[in-house]
Amino acid sequence: MPDELNTPNHRYYQPRYNIALAKEDMSKQFIFASGIRKIDSWIDQLETQGILNSIFANNEPGFLTTISPEFCFADTAGTTPATIGGTVAYVADRSGNGNHWTQATSASRPILGRKPVGGIRNRATGAAAVTNTTYWPTPATSNGVTRTLVATGVDGGEYWVEYRFQGTPTISSNFLGYASLLSRTPAAIGQTWTGSARLQVVAGDASSINVMRIQIFEETAPSTVLGITSGDGVPTDGTENLAIASRTLTAGDQVRVGASILFNTGAAVDVTVRVRGLQFEQAATRSAYQANFGPFDITEAGKANRHYLYGGGSADPRWMITPTITPGTDKAQVFAGVRKLSDSAFGAIVESSTSPDATNGAFSVASSTAQGDASRRTWATVLRGTTFILGGAAIYQAPDTRVLSALYDIEQSAAAQEAVLRLNGVQQTLNFSAPNAGTGDFLAYPAYIGARAGTSLFFNGEIYSLITRFGPNLTATEIERVERYIASQVAEETI
Amino acid sequence: MHFVPICVPEPLTDAANHLIAALGESPADLLTWGHLPFTKDGTLYGTRWLLCPDNAEEALAQPILRPEWDTEELLDMALVAQAQAALLFPAEDETPMPAPDKIVFWCGGPSIDAAIDAWGLELVPQEEGLA
């Protein structure tokens, strides 16, 4: 095993909140995967306990959730652990209030995702899922040649497949196996995209091969190919070679990667080719390999994983609900680590009541947009004592990852003091829809996560961690501490 | 298992809900398609991107029996059969297009966002949000 203690981005080297862990404190017996997980879990428990001691010390109503397999379950009873890429029916509330999140409708359950710290670079969806025939179809016949998956594995941390090609080609071109359409990714003019993989002839007569290559397809949605850039010149002498193709978009709005093989026509073919470490990224060169097992499961050697709940907005609505929470106060704080993936519609991250617009004593934190108005693509906060106010921040277009802090105090008299929104630890200047939110306390409602009442305003994005607390205002130090805690749960850099 | 983009037209919403509940685990699955946010050629559509077994097309071609959870016979098996008859699977390399009388089940399809682009569905303007 590699010496993971020497991985500079590992959490051992980032002690927080007086957790004094240094390399010399560790026994080498911990340098294996299960030990890493145990210690990470232990650190998480200590950090979480610190937050609980700080902001839930007096049994304040609310909930604290961190998304990970440890706290997510596939059934509404909370007994069967959820799996990465599978759905989540129950998320445990760690605040001690018992306000666990649930979702009874199977298709509406969020998906548990995993990605490395630093985020996703490899967009070759499923390329590391080498035994999944959706991503690596087999058998398939094209242009007179049958392609059969004969072996899979992992070498040097990079996943590989071996396809055997047999037949007499009617046209030279054939595919190296990967389901290219599943790597289709939105892109913009001027961006450079690079596809790469290690290609090798491992058995059979290589003389039947003209060339093997990686290809980048520039397209306009949904499927019009504007141009292809090929990385040719891979030798077929039995050595492994890295094939790379890069293309800078000139007119398209999406890209995908493919791998192909050209045969010399007219003669029988029987050859086996290995494809290893397929990667597709927005970059000019190949970067460190990420194993992409599917749309919600990407890992990278030497990088810690972060977990999230995915909801697909109106197109794929997924959401959860808590039991009724009785606040008994006019003050509340919401902290969220989130990534929005779309600006196409207003998306509720967390709301109290079925409609914070219309029901007294309620709040909402949301990704906001007004259709057709790019200036309203932002994050927003809603508060209603007896009057509805909505405040939107400056422009933050999707995709965008933030630590959101919404601080509510209905007792104040002006909207700017009643509803404060901080993004990545910075207080925002908001444009409010009304001068103030009226009066009264927060009232008893369930909280909806990822939707309004489960019927509309579905959030399109990822939720990493979410805290809602009804209780006295927090100090600046407490707020910053919770924000750092939330930031530690998020994959992309925030604070 | 893989994710499949699914598109249900308004006239077949009940049938689609009974079908997925027949394959599901509780009456709550009858609520799967209650939200129809898209429109095309005057018909409303709801979509989903669901994790399905690799043999989904083959399995959905077989008769579906009343599930064990449905002891109170909440499911209308005639609606289940109606939904099965309306299923549209893609021919090889083709994009199965939405229609008022079809439930599109795009095995091997792309992400749901890419599927919506390919289907030409447009989001119905919503009332909520920043005014």
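The side chain of A:Glu218 reaches the backbone nitrogen of A:Gly252 at 2.7 Å, a polar contact in the sense of a pair of N or O atoms within 3.5 Å, where within protein one must be able to donate a hydrogen and the other to accept it, and where residues adjacent in sequence count only if both atoms are side-chain atoms. This is a predicted model, in which local features need pLDDT of at least 70 and side-chain atom pairs count only at pLDDT 80 or more, while totals for chains, interfaces and linings use all residues. Residues are numbered from 1 along each chain as its sequence is written, chains are lettered from A in the order in which they are written, and side-chain values use heavy atoms, with hydrogens and water left out.

A:Glu218 has its place in strand E12 (residues 209-220) of chain A, strands being DSSP runs of E with at least two residues and helices runs of H or I with at least four, numbered from the N terminus. With a relative accessible area of 1%, A:Glu218 is buried, a word that stands for under 20% relative accessible area, whereas exposed means over 50% and partly exposed lies in between (1.4 Å probe, protein chains only). Among the residues that A:Glu218 touches, not counting those up to four places away in sequence, are A:Thr224, A:Arg247 and A:Gln254; contact means heavy atoms within 4.5 Å.

The two chains also meet each other, as the table sets out.

| Feature of chain A and chain B | Value |
|---|---|
| Residues in the contact | 38 residues from chain A, 35 residues from chain B |
| Area buried between them | about 2,800 Å², 56% of it on carbon and sulfur atoms |
| Salt bridge A:Arg109 with B:Glu25 | closest N and O atoms 2.9 Å apart |
| Residue pairs in polar contact | eleven (both at pLDDT 80 or more) |

Buried area is the accessible area (1.4 Å probe) that two parts lose on being put together, summed over both, and a salt bridge is a side-chain nitrogen of Lys or Arg within 4 Å of a carboxyl oxygen of Asp or Glu.

In chain B, helix H4 (residues 112-119) is mostly covered, with six of its eight residues buried, including B:Ile112 and B:Trp119. The buried residues of H4(B) pack against strand E19 (305-312) of chain A, together with strands E1 (2-9), E2 (38-40), E3 (43-52) and E5 (103-105) of chain B. Just after H4(B), B:Gly120 takes a positive phi of about 75°.
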